[in-house]
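Here's a quick tour of a few spots worth a look. Have the structure open as you read.

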Amino acid sequence: LLHYTVEANAFLYHMVRRMVGLQIAVGRGIMTIDQFRHIFQTGALEKVKHMAPPHGLVLEKVRYKDDNS
């Protein structure tokens, strides 16, 4: 069981699924950490071949700029 908490001020389409999929690919030896680093540093989304499935993803909270919670 893997649990990821992702917090950002904005999200791109499939961003979390790509991030998790890449981490799993590194863990399984499908991708090297250098390849992973290159994708993150350059934003080379066309190189992302591993995307986590959508089931199990949960949006827990949305905070707005003026929200104190």
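Start with Arg 17, which touches His 50, Met 51, Ala 52, Pro 53, Pro 54 and Leu 57, leaving out residues up to four places away in sequence. Keep in mind that this is a predicted model. Arg 17 itself sits in helix 1, which covers residues 15–27.

What about its charge? Arg 17 is buried but has no salt bridge. Glu 60 is the nearest side chain of opposite charge, and it is 17 Å away. What the Arg 17 side chain does have is a polar contact with the side chain of His 14, at 3.2 Å.

Stay in helix 1 for Met 19, which is found there too. Met 19 counts as buried because its relative accessible area is 18%, and the cut-off for buried is under 20%. Setting aside neighbours within four places in sequence, Met 19 is in contact with Val 6 and Phe 40. Val 6 and Met 19 are 13 residues apart along the chain, and their C-alpha atoms are separated by 9.7 Å.

Now for the surface. Leu 59, Val 62 and Tyr 64 make a nonpolar patch there of about 380 Å². Val 62 lies in the segment after helix 2 (33–42). Is Val 62 buried, exposed or partly exposed? It counts as partly exposed, because its relative accessibility is 44%.

Here are the two accessibility values side by side:

| Residue | Relative accessible area | Class |
|---|---|---|
| Met 19 | 18% | buried |
| Val 62 | 44% | partly exposed |

Notes: Residues are numbered from 1 along each chain as its sequence is written. This is a predicted model: local features need pLDDT of at least 70, side-chain atom pairs count only at pLDDT 80 or more; totals for chains, interfaces and linings use all residues. Side-chain values use heavy atoms; hydrogens and water are left out. Helices (H or I, at least four residues) and strands (E, at least two) are DSSP runs, numbered from the N terminus. Buried means under 20% relative accessible area, exposed over 50%, partly exposed in between (1.4 Å probe, protein chains only). Lys and Arg count as positive and Asp and Glu as negative; His and the chain ends are not counted. A salt bridge is a side-chain nitrogen of Lys or Arg within 4 Å of a carboxyl oxygen of Asp or Glu. A polar contact is a pair of N or O atoms within 3.5 Å; within protein, one must be able to donate a hydrogen and the other to accept it, and residues adjacent in sequence count only if both atoms are side-chain atoms. Contact means heavy atoms within 4.5 Å. Patches are made of residues with over 30% relative accessible area and no salt bridge: like charges are joined within 9 Å, nonpolar side chains (Val, Leu, Ile, Met, Phe, Trp, Tyr) within 5 Å. Accessible areas come from the Shrake-Rupley method with a 1.4 Å probe; for residues, only the protein chains shown count as cover.
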